[in-house]
Amino acid sequence: MKKTILIMACALLAMAVQAQGKKVLVAYFSCTGNTEKVAKKIAVATKADIYVIQPQKAYSAADIDWHNKQSRSTVEMKDHKARPQLANKNAKIAKYDVVFLGYPIWWNTCPRIINTFIESYKWEGKTVVPFATSGSSSIDNSVKELKALYENVNWNAGKLLNDGGAEAGSWAKEVVDGLK
């Protein structure tokens, strides 16, 4: 009898510990591969699922040429209401507690497809952790704009992760551990 009670107590304790774990998703948009490298390091460190945010029409090198005032990305970034179409809406956000949201910095903010992605899902009860890559800008303005546009989202502090994301894994693990 005592053995049965002890086994049941251990099983209940194991279920309680498992329930405390957070289900994590790393959703990212990347054209050149820089943000993708960082996203994969975050996913490994946090044992997260990965979702690639893909536009319906992929961006070519010419599309992201910021020197060209007629390039697709320049035109989109000048229009605050631009919302490029997603290739799919299969992220299944509802099953996650924490979503790391990654993107390159374009024109000192996030690409408009990130707005499309956010507006395509319900974010109640989720913690969203932005991360970005950039050759010259910080993440600060993009996070400020996201927080202002999407006040209903529970935003966690964001981080700029360059140089292949050397610190990405340890930072992400620390974030998730701090949410428990």
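Predicted model: local features only at pLDDT ≥ 70, side-chain atom pairs only at ≥ 80, totals over all residues.

Which residue lies over the face of Tyr-59? I found Arg-72 there, at 3.7 Å from the ring centre. My rule for a charge over a ring is NZ of Lys or CZ of Arg within 6 Å of the ring centre and within 35 degrees of the ring normal.

Residues are numbered from 1 along each chain as its sequence is written, and side-chain values use heavy atoms, with hydrogens and water left out.

**Rings**

I looked up the aromatic pairs and got 9. Rings of Phe, Tyr and Trp (its six-membered ring) pair if their centres lie within 6.5 Å; planes under 30 degrees apart are stacked, over 60 edge-to-face, and the rest tilted. Phe-29 and Tyr-59 are edge-to-face, with 5.7 Å between centres and 70° between planes. Phe-29 sits in the loop between E1 and helix H2 (34–46), and Tyr-59 in the loop between strand E2 (49–52) and H3, 30 residues apart. I take helices (H or I, at least four residues) and strands (E, at least two) as DSSP runs, numbered from the N terminus. Both Phe-29 and Tyr-59 are buried; that means under 20% relative accessible area, against over 50% for exposed and in between for partly exposed (1.4 Å probe, protein chains only).

Next I checked Tyr-51 and Phe-117: their ring centres are 5.9 Å apart and their planes at 25°, so this pair is stacked. Tyr-51 is in strand E2 and Phe-117 in helix H4, so the pair ties together parts 66 residues apart in sequence. Phe-117 is buried at 0% relative accessible area. I also saw ring pairs linking Phe-29, Tyr-59, Trp-106 and Trp-107 into a cluster.

**Ser-73**

What does the side chain of Ser-73 have beside it? A polar atom of that side chain lies 2.8 Å from the backbone oxygen of Asp-63. Ser-73 belongs to helix H3 (residues 72–78). Leaving aside neighbours within four places in sequence, its contacts (heavy atoms within 4.5 Å) include Trp-106 and Trp-107.

**Core**

Last stop: the largest nonpolar core has 31 residues, and Phe-117 is one of those touching the most other members. A core here is a set of buried Ala, Val, Leu, Ile, Met, Phe, Trp, Tyr and Cys residues joined through side-chain atoms within 4.5 Å. Helix H4 gives the most to this core, with 4 residues.

Key. Polar contact = N/O pair within 3.5 Å; in protein donor to acceptor, adjacent residues only side chain to side chain.
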